[in-house]
Amino acid sequence: MRTSAAIAVTPLHYVGPWRAIVVGGGHAGCEAALALARGGIATLLLTQNVDRIAWMSCNPAIGGIGKSHLVAEIDALGGEMARAADKSGVHYKVLNSSKGPAVRALRAQCDKLAYATAMRRTLEQTPNLAIKQADVRRLWLQDGRLAGVETAAGLQFSAEVVILTAGTFIGAVCHTGEAQIEGGRAGDTATLGLGDQLRALGVRTMRHKTGTCPRLDGRTIDWSRVQPDPGLEPPPPMARNGEGAILPQMPCHVTHSNAATHAVIRENVHRSPLFGGVIEGVGPRYCPSIEDKVIRFPQHETHYIFLEREGWQTDEIYVNGLSTSLPADVQIAMVRSLPGLEQAEIVRFGYAVEYDAIDARQLGRDLMLPALPGLYFAGQVNGTSGYEEAAGQGLVAGIQGLLRLRGEPPIALSRTESYLGVMVDDLVSRGADEPYRMFTSRAEHRLVLRTSNADLRLTELGRALGIVDDAAWLALQQRRARLEALVAILHATVVKPDREIVPLVESWGGGTMVQPTTLGQLLCRPEVALSHLARFLPPSIALSDFDADDQEEVTTQVRYAGYVEREKLR
């Protein structure tokens with residue numbers, strides 16, 4: 001009988017020009033690699049599967065409450081997420097549209113394949129950036145110092161800076177009912193060995209959990225029995241200086257759970273790994289599974305379920321609101337209890353993934369591990385949840401690595417100047433005992449941190465770092481001059497309460513005028529819009545030169561000026 005013996009593989013040092021290595025091709029890895037390469041650093045992106053670069057493992061959407069602020073700031077600093085969203089966006093909505101401008105949020109449902117293709121193409125066309133498929137299993141250390149990374153194939157890649165963006169892959173296990181499979185997501189393997197090495201180096205880790213929903217065959221849905229949920233026409237752009245949406249738009253639809261759905265879940269909840277104690281990781285409070293919602297909130301007789309198309313190349317439907325790790329047979333019964341889905345076929349079953357995350361309180365504000373200089377962490381490995389949070393951390397880590405390689409001190413984005421600063425400060429000072437998600441309520445200075453002024457706050461920094469291109473820099477200068485000129489005219493132009501003006505203001509719902517009033521003071525009246533005041537502007541200022549975002553920014557600057565000054569005094 002023949003026996004096999006383990007063969008020792010002698011590590012092979014792969015000599016390359018790279019000074020920085022980014023491990024992981026998800027949303028954090030893409031932004032980190034682009035920041036480094038655009039800053040002139042020879043960079044290597046290593047990912048388990050090059051076909052899954054920038055893959056939307058869960059909901060194929062970018063933006064949302066709090067998240068759209070991160071996207072706007074990434075865009076302002078020269079990042080790519082907003083532009084990729086516009087190249088793939090198929091359904092745009094503004095959330096919190098009835099509330100103030102500081103908390104409004106743009107959300108773009110994307111064509112999943114188009115988004116990944118757009119981002120990968122950008123990476124491939126970026127100078128100084130190489131991409132290789134490799135499974136990184138260990139950090140490569142020499143004399144206790146970071147020297148690079150080592151792959152499962154025994155290759156050693158050297159670099160002065162390593163940014164670890166391993167997402168949900170370290171020590172990951174996928175759960176569907178009683179079934180368990182090693183993997184960071186369905187169809188992809190887990191990253192093994194790295195977690196053990198980090199713990200051996202004294203890095204504290206914790207188990208987190210996230211999940212996803214079943215995907216349906218759209219041809220098996222009765223679309224006449226679900227409610228259409230149209231997007232905005234024309235769709236507002238996500239990127240400040242991009243082309244805007246370029247793909248044809250498509251509707252989403254809405255259905256809802258009911259007593260039959262909840263009965264299926266209650267009868268089978270003991271088979272859920274989440275409730276059966278199989279999953280030890282902590283899940284996201286703000287994106288609970290359907291079984292979690294039904295059990296924790298029994299007073300709710302129904303929950304909204306959104307049917308969102310995954311793109312133009314497929315009939316696959318993402319069932320937003322139905323995240324689950326229940327067994328496959330229960331998922332079938334649960335789906336078919338929903339109105340319009342009585343005959344629906346599941347293409348992919350939902351599952352939960354449990355994985356290792358680090359305690360980000362061990363990191364500096366530059367997201368570097370002080371105990372191992374040159375090693376940075378970004379994305380879900382830091383205990384966060386969401387594409388936007390991951391991309392924001394990736395950009396920050398890429399910038400900090402860029403500065404380190406230039407021999408310059410790290411920068412510290414404060415809570416007063418960006419949502420990126422809020423997120424990083426929250427992570428490194430408070431940690432994340434559950435998957436962290438950005439909300440506008442986390443930002444004490446949200447009146448100042450608006451999506452409409454992200455470029456005014458941050459593009460100058462991105463230019464100084466060398467990662468904002470000439471076109472974006474020129475656009476900022478032109479926009480700033482345009483806005484400042486209009487604001488100055490609004491404060492300087494006075495109208496008198498004559499027979500023509502008084503009834504006109506009253507017709508707008510602006511109340512009575514009894515004394516000379518500046519256009520800025522009129523604009524502070526909630527019922528008065530900037531468009532009402534166009535007739536009073538000098539010939540040198542044409543309101544048609546100001547897009548909707550410009551007009552909102554001017555209106556907000558004028559109306560909120562007093563509140564902002566008061567906030568600065570805190």
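1. Two strands count as paired here if DSSP finds at least two bridges between them. By that test strand 2 and strand 3 (residues 43-47) make a pair: they run in the parallel sense and share 4 bridges. Within that pairing, Val 22 has Leu 45 in strand 3 as its bridge partner. Bear in mind throughout that this is a predicted model.

2. Staying with strand 2, have a look at where its side chains go. In a regular strand, side chains alternate between the two faces of the sheet. Here Ala 20 and Val 22 point one way, Ile 21 and Val 23 point the other way, and all of them are buried.

3. Next, the open sheet built from 4 strands in the order 1-10-9-8, with mixed pairing. Strand 1 (12-14) and strand 8 (136-142) are the edges; each has a single partner strand, so one side of each has no neighbour in the sheet. On average, neighbouring strands of this sheet are turned by 35° against each other, ignoring direction.

4. Inside that sheet, strand 9 (residues 145-151) and strand 10 (residues 155-158) are antiparallel partners, joined over 3 bridges. Val 149 is the residue standing opposite Phe 157 in strand 10.

5. How many aromatic pairs does a search of the whole structure find? The search gives 2. One is Trp 18 with Phe 157: the ring centres are 6.2 Å apart and the planes stand at 55°, so this pair is tilted. The two partners come from distant parts of the chain, 139 residues apart, with Trp 18 in the loop between strand 1 and strand 2 (20-23) and Phe 157 in strand 10. Trp 18 is buried as well, at a relative accessible area of 12%.

6. The other pair is Tyr 304 with Phe 306. Their ring centres lie 6.4 Å apart and their planes meet at 35°, so this pair is tilted too. Is Tyr 304 buried or exposed? Tyr 304 is exposed, with a relative accessible area of 61%. Phe 306 counts as partly exposed, at 29% relative accessibility.

7. Arg 52 places its charged end over the ring of Trp 55, 4.3 Å from the ring centre. Arg 442 does likewise with Tyr 436, its charged end sitting over the ring at 4.2 Å from the centre.

8. On to helix packing. Two packed helices are described by the angle between their axes and the distance between the axes. Helix 1 (residues 27-38) and helix 4 (residues 112-124) pack at about 25°, and their axes are 11 Å apart. Angles under 35 degrees count as roughly parallel, and helix 1 and helix 4 are therefore roughly parallel to each other. The crossing of helix 1 past helix 4 is left-handed.

9. Now take helix 2 (residues 67-76) and helix 11 (residues 454-465). Their axes come within 8 Å and cross at roughly 40°. That angle makes helix 2 oblique to helix 11. What is the handedness of the crossing of helix 2 and helix 11? It is right-handed.

10. There is also an open sheet of 4 strands in the order 13-12-21-14, with antiparallel pairing. Strand 13 (179-182) and strand 14 (205-212) are its edge strands, and each pairs on one side only. From one strand to the next, the twist averages 25°. Strand 12 (residues 173-176) is joined to strand 13 in the antiparallel sense over 4 bridges. As part of that pairing, Val 173 has Glu 182 in strand 13 as its bridge partner.

11. Glu 553 sits in helix 15 (residues 548-568). Its relative accessible area is 1%, so Glu 553 is classed as buried. Glu 553 and Arg 450 are 103 residues apart along the chain, and their C-alpha atoms are separated by 8.8 Å.

Terms used. Residues numbered from 1 in each chain as written. Predicted model: local features only at pLDDT ≥ 70, side-chain atom pairs only at ≥ 80, totals over all residues. Heavy atoms only, no water. Helix = DSSP H or I, 4+ residues; strand = E, 2+ residues; numbered from the N terminus. Axes fitted to C-alpha atoms, helices over the stretch in contact; angles between N-to-C directions. Phe/Tyr/Trp six-rings, centres within 6.5 Å; stacked < 30°, edge-to-face > 60°. Buried < 20%, exposed > 50% of the residue type's maximum accessible area, 1.4 Å probe, protein only. Lys NZ or Arg CZ within 6 Å of the ring centre and 35° of its normal. Parallel < 35°, antiparallel > 145°, perpendicular 65-115°, else oblique. Left-handed = near helix turned anticlockwise from the far one by under 90°.
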